[in-house]
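Visitor: Could you take me through some features of this model, and show me how each one is to be read?

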Amino acid sequence: MKIRLIISFALFSFLAFSQNNKEIDSILLTAKSQNNDSLKLSIYNQAGFSYIFSDAKRARQIIDSGLKMALDLKYDFAYTQLTNTKGILMDVSGKSDSANFYFTKALELGKKHNFKILQIRSINNLGMYNWNRGEFKKAQDYFFKALEMNDVYGDEQSSAKYLNNIGLIYQEMNIVDKALEYHLKSYEIRKKHNLLKEEVASLNNIGICLKDLGRYDEAMAKYEEGLKKGLESGNLIDHYRILENIASLQDELGNLDLAIEYYKKALQKRDNMPKDEKGDLIILGKLAGIYNRLGKPVDALKYINKSEEVLVKYPHYLNYADDLLVNAAESYYRLNNNDKGRDYILRFVKLKDSIFSQENANAIADFEVKYETEKKEKQILVHRAELAEKELVIQQRNYQFFGLLGVVTLLGLLGYMLFNQQKLKNKQLKKESELKEALVKIETQNKLQEQRLRISRDLHDNIGAQLTFIISSLDNLKYGFDIKNQDLTSKLSGISSFTRDTIYELRDTIWAMNKNEISFEDLQTRISNFIEKADIASKHIKFEFAFDKDVNSSMTFTSINGMNIYRIIQEAINNAIKYADATKISVFIHKKEKAIEIEIVDDGKGFDIKNIELGNGINNMKKRADEIDAKFSISSKQNKGTTIKIAI
């Protein structure tokens, strides 16, 4: 029994590290003569996996043979394991839908037969599948599930892989501090268990995070350590990735010749290594950008053309091609091919605007549904009016008949009947008048809705796209030309920042226009989002936002009033950031008897209200308060901060 275990381990070790296909085929022949079905199927799984990165067709033959064998032998564990491996083959081959099918099937089989370890692997692979498609949130959910299950059913060594994947998704989401935290945890586990190949990947990821945090010397030290361990362990995949990241670091430091040298080394992978089209696409875009900065657009186009070949084969990698599109536009503009340059700029704008466009499209769709509903309600009211009119005519005829009968029988009832008839006519006129007023009101509301919808579309489709194009053009001017004049550079940055602020203002305006009324919860969410953005942009200032629990969260404002309240708070915070030298800015919402009171408080340098001329910002806040019949007050003392209150 001991001898069999030693042989099994030797076979698996050989398969895991062998790069010679003939040697793998030789092991497969040996496996066919094995009496141990479990060992035989495990070898098929390992051999199929080994071929995935060098000969996909051969890998599929081996995996399918193993699946048939496992099915015939009714060996559920091996069948589930091989199904998961086939998903990896499909993912590497670019057949993402098939990959998702086999990973999901392997997970279902793992649950059915209670194979916890195979469930964890399938969940992790579903995370990888979603990551490759740019679905970062879904990928992160799968990786956390894999980590949680591994903590219960797996081992510490395996947890390093899931910690590493979680860190990578945080990098994709640009949450660098959290990414570094998880990569360090993963690295400590790998170092503890002497997993040298995996240590190389961790050192690479740690270096990336340190670079993004501006800790360049520490990043370079980690990269150099990773290069050394990569060669020692034979982990050439991460070795080449580190070369790419060193190039990026040198690029960021302005060492362009070194950056080109390292990027080219990163592209020159060995023939027996797996392809990484997504990584190559990013490198090609970076090289194009560097050659543009060096004034060599013709050289840049060589790499742009190679990138387009990758995008034709893998169109879903377009999410990673934003730098490429901008650099391609710059190259063609430099070569006076304005049509081509404009095409790439439009592709870039379309890519960047896709999320906002989707959100706005959903809002407009909701708005159209509401409009169609109101249109149907109008038709129902018209129909009811016609029925009421017919009923009144019938009722009038009945009364006339009974009136004539009354004249014949009792002349004394004539006066009473005439009075009733006049009373009914008055009611009829009153009903007709009310119906006409209701119809006019509905028609007016519909026209207003149509105008809002048209203006909202025009703002987004025309002005929003044009502002985004201006930002892209300004960025191209800054990075595409060697501008020595600092004043001009500063002016361009100011215009770019102003244009971005204008886009945010435009989105706020569209948000208000798409609503007949704004709830307190909507306003609270909008204020919170603005304060979060201000907090990110002003790291030296602490922000606080709080409101009393007894504030009625179901209250609503008109869209104009809600927007004015939001603009007053926005203006007050911006003034405090720009002029107060504050370390803390707070926004409080209180309930005061029948009023709602909003306070914006800063601990800045303050000013003497009596001896200072109030600027446009404060005057604008007062005007907005007057428009919504709110009380506005401002109090300030030198070195004791400023408080702005509005009572609604």
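**Reading a helix by its sides**

Guide: In helix α4, the buried residues are Ala59, Ile62, Ile63, Gly66, Leu67 and Ala70. Because they cover an arc of only 135° around the axis, these residues lie on the same side of α4. Please keep in mind throughout that this is a predicted model.

Visitor: Which residues are exposed on the other side of α4?

Guide: Exposed there are Lys57, Lys68, Leu71 and Asp72, where exposed means over 50% relative accessible area and buried means under 20%.

Visitor: How many residues does α4 have, and what does the helix reach from its first C-alpha to its last?

Guide: The expected span of a helix is 1.5 Å times one less than its number of residues. Helix α4, residues 56-73, has 18 residues and reaches 25 Å from first to last C-alpha, which is close to the expected 26 Å. Just after α4 comes Lys74, whose phi is positive, at about 55°.

Visitor: Let us turn to the strands. Which strands does β7 pair with, and in what sense?

Guide: Two strands are taken to pair if at least two bridges are found between them. Strand β7, residues 642-647, runs antiparallel to β5, residues 595-602, and six bridges join the two. With strand β6, residues 631-636, β7 also pairs in the antiparallel sense, again over six bridges.

Visitor: Which residues of β7 stand opposite Ile600 and Lys631?

Guide: Ile600 has Ile644 as its bridge partner in β7, while Lys631 stands opposite Ala647. Strands β6 and β7 form a hairpin with five residues between them, and in the turn Asn639 has a positive phi of about 65°.

Visitor: What makes up the nonpolar surface patch, and is Leu411 buried or exposed?

Guide: A nonpolar patch is built from residues with over 30% relative accessible area, whose side chains are joined within 5 Å. Here Val407, Leu411, Leu414 and Leu418 make a patch of about 340 Å². Leu411 belongs to the loop between α18 (338-409) and α19 (414-480), and it counts as exposed because its relative accessibility is 61%.

Visitor: Where is Asp626, and how far is it from Asn564?

Guide: Asp626 is placed in helix α23, residues 616-627, and with a relative accessible area of 54% it is exposed. Sequence and space are to be read side by side here: Asp626 and Asn564 are 62 residues apart in sequence, whereas their C-alpha atoms are 10.0 Å apart in space.

How values were computed. Residues are numbered from 1 along each chain as its sequence is written. This is a predicted model: local features need pLDDT of at least 70, side-chain atom pairs count only at pLDDT 80 or more; totals for chains, interfaces and linings use all residues. Side-chain values use heavy atoms; hydrogens and water are left out. Patches are made of residues with over 30% relative accessible area and no salt bridge: like charges are joined within 9 Å, nonpolar side chains (Val, Leu, Ile, Met, Phe, Trp, Tyr) within 5 Å. Accessible areas come from the Shrake-Rupley method with a 1.4 Å probe; for residues, only the protein chains shown count as cover. A salt bridge is a side-chain nitrogen of Lys or Arg within 4 Å of a carboxyl oxygen of Asp or Glu. Helices (H or I, at least four residues) and strands (E, at least two) are DSSP runs, numbered from the N terminus. Buried means under 20% relative accessible area, exposed over 50%, partly exposed in between (1.4 Å probe, protein chains only). The arc is that of the directions from the helix axis to the C-beta atoms.
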